[in-house]
Amino acid sequence: MPEGNTSPASCSGRMHESILSTVGNTPLVRLPRLETTHGLQAHLALKLEFFNPLGSVKDRIGLAMIEAAEREGLIEPGRSILVEPTSGNTGIALGFVAAAKGYRLIVTMPDGASIERRKMLRLLGVEVELTPAREGMSGAISRAEAIIRSTPHAWMPRQFDNIANPAVHETQTAEEIWRDTGGKVDAVVAGIGTGGTLTGIARALKPRLPNLQIVGVEPAESAVLSGDDPGPHDIQGIGAGFRPSILELDRIDILKRVTERESFAAARLCARSEGLPIGISSGAVLHAMMELAADPCMKGKIIVGIAASFAERYLSTDLFAGL
Ligand code: PMP
């Protein structure tokens with residue numbers, strides 16, 4: 001298959017050309033026990049993005065950003081060096097795509113980032129450059145910019161500004177939701193990190209479903225999009241502390257603030273009552289979905305939430321405290 005046109009998995013029972021074509025087509029799963037035990041008015045379904053090969057929603061943009069740059073002639077395997085500051089799922093996503101396509105990838109991250117993340121990146125052959133934890137993400141960003149300036153053929157995906165990020169959710173994630181709900185969906189709830197997921201879904205589905213409610217979730221401890229000051233929080237992957245350029249805030253109908261405590265509690269509840277161990281930001285999403293679903297005017301409506309990652313990626317966090 002030529003570079004630059006890996007398509008997402010489109011039919012089962014077929015051998016894949018490489019790991020890359022297994023991205024996407026994640027299952028949409030109802031939460032029947034929670035609906036009953038909590039007396040919810042609406043029906044809940046989670047789109048399980050941890051069914052992506054490296055376990056998160058970011059696998060979609062890892063592939064999409066690299067293939068968009070290939071199509072534009074910006075990068076080619078064996079020559080280009082990819083550099084991105086990220087302490088999260090984006091590094092792992094870029095890592096498996098880089099390995100599968102034969103790119104060198106350098107990820108910069110604060111040295112406070114969890115050990116399982118660092119080791120996973122190194123296992124994928126990614127070069128990890130640690131910056132002082134006290135400098136936070138801005139230290140990692142400065143280091144990545146310095147590498148870009150001093151390295152020939154270096155290219156930075158820049159997930160917060162890259163239009164291939166919302167575009168892949170518009171053409172793929174949203175279409176999967178449309179297909180799997182048969183076009184019957186009343187609200188979509190997602191956490192906002194770069195804003196790519198929610199912006200892309202809103203772009204595709206709002207014109208078809210004018211009454212669709214697009215609900216964004218941010219950490220109550222750092223509700224910058226709601227007008228609060230940024231602050232430290234433990235909901236990895238959302239609440240970047242600034243307004244990303246690709247986020248189209250005017251497409252969002254409701255912004256919900258969810259606390260760390262509420263996120264952890266909802267994630268644990270989902271594991272125990274549905275057998276579905278979701279990550280922390282997915283817990284925040286589920287909490288927001290349950291709040292919406294408790295409203296009598298949501299009776300009989302269908303609420304779809306994006307579960308961005310799996311609980312096991314957070315083994316060293318408070319999600320597993322006391323277990
Ligand atoms: N949850 C997790 C765990 C993530 O890694 C991300 C991506 N940063 C998100 C939610 C939010 O996705 P997006 O960047 O598309 O807003």
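1. Ligand shell. In this predicted model, the residues of the shell around the ligand comprise 14 polar, four nonpolar and one charged. Of these 19 residues around the ligand, the ones that come nearest are Gly193, Thr197, Gly237, Ser281 and Ala308.

2. Six-stranded sheet. Six strands, in the order β1-β2-β10-β7-β8-β9, make up an open sheet with mixed pairing. The edges are taken by β1 (28-30) and β9 (254-258); each has a single partner strand, so one side of each is left without a neighbour in the sheet. On average, and with direction ignored, neighbouring strands of this sheet are turned by 25 degrees against each other.

3. Pairing of β7 with β10. Strand β7 (residues 187-191) pairs with strand β10 (residues 302-307) in the parallel sense, over three bridges. In this pairing, Ile303 of β10 is the residue that Ala187 stands opposite.

4. Helix α9 on the sheet. Helix α9 (residues 280-293) packs on this sheet and touches β2 (43-48), β7, β8 (213-219), β9 and β10. The direction of α9 makes about 170 degrees with that of β10.

5. Contact of α8 with α9. How do the axes of helix α8 (residues 260-274) and α9 cross? They come within 7 Å and cross at roughly 90 degrees, which makes α8 roughly perpendicular to α9. On the α8 side the contact is made by Glu262, Ser263, Phe264, Ala266, Ala267 and Cys270. From α9 come Ile280, Ser282, Gly283, Ala284, Leu286, His287 and Met290. The residues of this contact of α8 with α9 divide into eight nonpolar, four polar and one charged.

6. Four-stranded sheet. A further open sheet is formed by four strands in the order β5-β4-β3-β6, and here the pairing is parallel. At the edges stand β5 (127-131) and β6 (154-155), each with a single partner strand, so one side of each is left without a neighbour in the sheet. Strand β4 (residues 104-110) pairs with β5 in the parallel sense over five bridges. The bridge partner of Ile106 in β5 is Glu127.

7. Contact of α2 with α6. Helix α2 (residues 58-71) and helix α6 (residues 164-181) have axes that come within 9 Å and cross at roughly 115 degrees. The two helices are therefore roughly perpendicular to each other, and α2 passes α6 in a right-handed crossing. Arg60, Ile61, Ala64, Met65 and Ala68 of α2 meet Ala164, Asn165, Ala167, Val168, His169, Gln172 and Thr173 of α6. By class, the residues of this contact are seven nonpolar, four polar and one charged.

8. Contact of α2 with α3. The axes of α2 and helix α3 (residues 89-101) come within 8 Å, with a crossing of roughly 50 degrees; that makes α2 oblique to α3. Again α2 passes its partner, α3, in a right-handed crossing. Which residues of α2 meet α3? They are Lys58, Asp59, Ile61, Gly62, Leu63 and Ile66, and in α3 they meet Asn89, Thr90, Ala93, Leu94, Val97 and Lys101. This contact of α2 with α3 divides into six nonpolar, three polar and three charged residues.

9. Ile61 in both contacts of α2. Ile61 is among the α2 residues that meet α6, and Ile61 is also among those that meet α3.

Technical notes
Residues numbered from 1 in each chain as written. Predicted model: local features only at pLDDT ≥ 70, side-chain atom pairs only at ≥ 80, totals over all residues. Near = placed C-beta within 6 Å. Nonpolar A, V, L, I, M, F, W, Y, C, P; charged D, E, K, R; others polar. Pairing = 2+ DSSP bridges. Axes fitted to C-alpha atoms, helices over the stretch in contact; angles between N-to-C directions. Parallel < 35°, antiparallel > 145°, perpendicular 65-115°, else oblique. Left-handed = near helix turned anticlockwise from the far one by under 90°. Contact = placed C-beta atoms within 7 Å.
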